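Welcome! Here is a short tour of some side-chain contacts in a protein model. Take a moment to look at the sequence and the structure before reading on.

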Amino acid sequence: MKRIINQVLAMLVLFGLSQVVMAKEDPKIHMEEVTKQISAEILANKERIKTDSEYAKGLIEQYLLPEVDTEYMAKRILGREYWEESTEDQRKTFIQEFISLLLNSYAKGLANYDGQPITYEETQYSTSGNTANVRSVIIPQEGEPILIDYRLKYGSDDKWLVTDVIIEGVSMAKSYATQYRERIAQVGIEATLKELAEENKKAKNATEISDEAPKEKS
């Protein structure tokens, strides 16, 4: 549960990257400005987020996904070997199912945000200036501060895009890479895609709100 909450908080900070479109604008400055706006929106709609999964997923789609280089992340997760071996349709399917799984898994978790303070350290740039790291520090209601690093790449469309999120030293991209590469090695790319689709279906069903009473276990 703690890991899920930390990932949700990480995504909240990532919302602050939306609209970072000015050439070479410091990502840290815009994150500070926009995160305040998005935090207020989430806090004002906590009850709706709890009961309306589509609304919660819409927030993620609106503010998060446009700021992530999904194709780059997919390549990293699959690795060069599996990416080159897969067909164009398989690549598209993996990207779509992976994004859907993130949406379904973390949409309702947005309600866990209760206004925890978020601060930012100065942006660290590579020698070329085309990659950067922005560290955020989230102060939870209990426990130690949560350190989250965002790795960004400056693209050809004059925009910074996130290529990895590192929570307390654990890379999201590397974690998924280990998981999916091992599975592909065992059952192949096509079977792995089917498993991902099924996992995504279960996650989606878990977020849906139903008026029916839950069935009792026999």
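Which residue forms a salt bridge with E47? The partner is K50, and the closest N and O atoms of the two are 3.4 Å apart. Please keep in mind that this is a predicted model. A search of the whole structure finds twelve salt bridges and six aromatic pairs, and a few of them are described below.

**Salt bridges within a helix**

- E47 and K50 both sit in helix α3, and because they are three residues apart there, about one helical turn separates them.
- E47 counts as exposed, at 53% relative accessibility, while K50 is partly exposed with a relative accessible area of 39%.
- The salt bridge between K57 and E54 brings their closest N and O atoms to 3.0 Å.
- K57 is buried, with a relative accessible area of 7%, whereas E54 is partly exposed at 48% relative accessibility.

- K46 forms a salt bridge with D114, with 3.0 Å between the closest N and O atoms.
- These partners are 68 residues apart: K46 belongs to helix α3 (residues 46–51), and D114 lies in the loop between α6 (88–106) and β1 (118–120).
- K46 has 15% relative accessibility; this is under 20%, so K46 counts as buried.
- D114, in contrast, is partly exposed, with a relative accessible area of 41%.

**Aromatic rings**

- A pair of aromatic rings is described by the distance of the centres and the angle of the planes.
- For Y125 and W160, the ring centres are 6.1 Å apart and the planes are at 50 degrees, so this pair is tilted.
- The pair links distant parts of the chain, 35 residues apart, with Y125 in strand β2 (residues 124–125) and W160 in strand β5 (residues 160–167).
- Elsewhere, one aromatic cluster is formed by F94, F98, Y176 and Y180.

**A charge over a ring**

- R48 lies over the face of Y55, at 3.9 Å from the ring centre.

Terms used: Residues numbered from 1 in each chain as written. Predicted model: local features only at pLDDT ≥ 70, side-chain atom pairs only at ≥ 80, totals over all residues. Heavy atoms only, no water. Phe/Tyr/Trp six-rings, centres within 6.5 Å; stacked < 30°, edge-to-face > 60°. Helix = DSSP H or I, 4+ residues; strand = E, 2+ residues; numbered from the N terminus. Lys NZ or Arg CZ within 6 Å of the ring centre and 35° of its normal. Salt bridge = Lys/Arg side-chain N within 4 Å of Asp/Glu carboxyl O. Buried < 20%, exposed > 50% of the residue type's maximum accessible area, 1.4 Å probe, protein only.
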